[in-house]
Amino acid sequence: MPGGWNYQAYISPYDSYIFYRTMDMEDDYFYIPVAVATQIVNGTNYRFLTIAEPKNGNGTAYFALVEIYKPIQGDASITNITSIP
């Protein structure tokens, strides 16, 4: 349904492609997707529940909600990363 969130039972290969291609720009943490929800708008909004692990070993791992927007035409971009306490 357009506008509603669709919570998926698994992360599809296309969802993984969008996630890793977009998250390639992050320097400080590795983000490992655990679950995803999508919302069809003028493009697609993605919400990934992730585990964030520091790349350099200095820091603490935490859960994070990564939000990505993929327009109909063009590249996906990160819209927000929120740590989950």
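Predicted model: local features only at pLDDT ≥ 70, side-chain atom pairs only at ≥ 80, totals over all residues.
Which residues make up the largest nonpolar core?

Residues are numbered from 1 along each chain as its sequence is written, and side-chain values use heavy atoms, with hydrogens and water left out.

**The sheet**

Select the strands (DSSP runs of E, at least two residues, numbered from the N terminus). Five of them form an open sheet in the order β1-β2-β3-β4-β5, with antiparallel pairing; two strands pair if DSSP finds at least two bridges between them. At the edges are β1 (5-7) and β5 (77-84), each pairing on one side only. On average, neighbouring strands of this sheet are turned by 30° against each other, direction ignored; the axes are lines fitted to C-alpha atoms, and angles run from 0 to 180 degrees between N-to-C directions.

Next, select residues 29-41 and 43-54. These are β2 and β3, which run antiparallel and are joined by 12 bridges. Tyr-31 stands opposite Ala-52 in β3.

**The helix**

Now select residues 13-23, helix α1, which packs on the sheet and touches β2, β3, β4 (62-70) and β5. Helices are DSSP runs of H or I, at least four residues, and contact means heavy atoms within 4.5 Å. The direction of α1 makes about 100° with that of β4.

Within α1, colour Asp-15, Ile-18, Phe-19, Thr-22 and Met-23, which are buried (under 20% relative accessible area; exposed is over 50%, partly exposed in between, with a 1.4 Å probe and protein chains only). They lie on the same side of α1, because they cover an arc of only 110° around the axis, taken from the directions from the helix axis to the C-beta atoms.

**The charged pair**

Show Arg-47 and Glu-67, whose side chains meet in a salt bridge at 3.5 Å, N to O. The term means a side-chain nitrogen of Lys or Arg within 4 Å of a carboxyl oxygen of Asp or Glu. Arg-47 is in β3 and Glu-67 in β4, 20 residues apart. Arg-47 is partly exposed at 30% relative accessible area, whereas Glu-67 counts as buried at 19%.

**The core**

Finally, select Ile-18, Phe-19, Met-23, Tyr-31, Val-36, Tyr-46, Phe-48, Ala-52, Ala-64, Val-66, Ile-68 and Ala-76, the 12 residues of the largest nonpolar core (buried Ala, Val, Leu, Ile, Met, Phe, Trp, Tyr and Cys residues joined through side-chain atoms within 4.5 Å). The elements giving two or more residues to this core are α1, β2, β3 and β4.
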